[in-house]
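Trainee: Could we go through this model together, one question at a time?

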Amino acid sequence: MARMKFLCDAERCIECNGCVTACKNENEVPWGVNRRRVVTINDGVVGAEKSISVACMHCSDAPCMAVCPVDCFYKTADGVVLHDKDLCIGCGYCFYACPFGAPQFPQAGAFGLRGKMDKCTFCAGGPEADRTDAEFKKYGRNRLAEGKLPACAEMCSTKALLGGDGDVIADIYRERVLRRGKGSEVWGWGTAYGPGKAGAQPPAGGKS
Amino acid sequence: MRRAALGAAILAAFFLSGCGEAPQVTVYKQGKYQGKPDTQPWSNAPLAYGDATWNKGDRASWETQINKRAMGQNEDNRIYRQ
């Protein structure tokens with residue numbers, strides 16, 4: 001049974017924000033709402049800067065589902081956490097409960113009125129009939145119903161962000177980690193600058 | 001003695017109930033997930049264009065298509081296995 005998951009490789013993410021742009025473009029997400037964001041720690045510190053792309057992680061035991069007072073969330077058979085905007089009251093409890101800050105609230109009207117919650121759908125749409133305009137307007141594109149994976153993962157230029165069945169993407173990541181080794185080999189200091197720098201390793205096998 | 005044992009058993013049952021795990025397998029009943037209507041991705045036919053192929057209503061063939069698509073993210077296939 002497929003269980004859809006995202007996996008972001010912090011060694012590969014270059015903070016290009018391509019995933020954020022792809023998501024906004026694919027789902028026509030309004031201003032002020034970011035279903036996906038790139039978070040960078042140790043910004044500007046050489047060798048210690050890491051970026052990671054974050055959105056809804058489609059938790060197996062999702063805290064947003066647990067706290068929603070109107071029970072608008074549901075989980076599909078392939079492990080995607082979705083919600084029904086017709087039921088959502090925009091209270092914001094899910095935002096407080098989510099460890100990733102995934103739920104977003106559009107400034108829907110005058111005086112900063114907060115709209116109904118919007119979040120990453122793993123490009124799986126919502127309760128409306130699949131691949132219809134009504135579904136697209138409320139939830140964005142339903143790529144899973146087209147036999148495709150989320151746009152953010154599929155267009156990631158460095159393939160840092162992987163999306164799909166957890167077992168399959170874990171296999172891809174495992175193979176990658178085994179092949180690339182550790183230390184500066186991971187990101188290719190030796191290839192770019194050659195050996196000799198303090199802490200740098202010569203390229204293993206001619207490539208790193 | 002017996003009463004103490006009974007009390008301990010009741011207390012243990014009460015505290016251990018907190019360690020239970022909610023069921024994680026979702027059930028699709030009458031077109032609904034947990035009371036919310038939705039259609040399943042494999043209940044659609046593939047688009048007329050593109051290379052996606054699966055049999056409408058067949059979950060296994062849809063999963064095969066999705067997994068094939070996921071392997072497109074593995075650039076090792078392109079680099080090392082040509």
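What follows is a set of questions and answers on the interface, the salt bridges and the cavities.

Mentor: Happy to! This is a predicted model, where local features need pLDDT of at least 70, side-chain atom pairs count only at pLDDT 80 or more, and totals for chains, interfaces and linings use all residues. Residues are numbered from 1 along each chain as its sequence is written, chains are lettered from A and ligands numbered from 1 in the order in which they are written, and side-chain values use heavy atoms, with hydrogens and water left out.

Trainee: How much area do chain A and chain B bury between them?

Mentor: Start with contact, meaning heavy atoms within 4.5 Å: 43 residues of chain A touch 33 residues of chain B. Buried area is the accessible area (1.4 Å probe) that two parts lose on being put together, summed over both. Carbon and sulfur atoms carry 50% of it here, and the total is about 3,200 Å².

Trainee: Which helix gives the largest share of the side of chain A that touches chain B?

Mentor: Helices (H or I, at least four residues) and strands (E, at least two) are DSSP runs, numbered from the N terminus. Those giving two or more residues to this side are strand 4 (73–75), helix 5 (151–155), strand 6 (161–165) and helix 6 (166–180) of chain A. The largest share, six residues, comes from helix 6 of chain A.

Trainee: Which residue of chain B meets A:Glu154 in a salt bridge?

Mentor: A salt bridge is a side-chain nitrogen of Lys or Arg within 4 Å of a carboxyl oxygen of Asp or Glu. The rule finds five across the interface of chain A and chain B. In one of them, at 2.7 Å (N to O), the partner of A:Glu154 is B:Arg69.

Trainee: How many residues apart are A:Glu26 and A:Arg141?

Mentor: Their side chains form a salt bridge at 2.3 Å, N to O. A:Glu26 is in helix 1 (residues 18–27) of chain A, and A:Arg141 is in the loop between helix 4 (133–139) and helix 5 of chain A. The pair links distant parts of the chain, with a separation of 115 residues.

Trainee: Which residues lie nearest the centre of the largest cavity?

Mentor: A cavity is a set of points on a 1 Å grid over the protein atoms alone where a 1.4 Å probe fits but cannot get out, and lining residues have an atom within 4 Å of a point. The largest cavity is lined by 15 residues. Nearest its centre are A:Cys13, A:Cys16, A:Cys19, A:Cys156 and A:Ala160.

Technical notes
1 Å grid on protein atoms, 1.4 Å probe; cavity = no way out; pocket = protein on both sides within 12 Å on 5 of 7 lines; lining within 4 Å.
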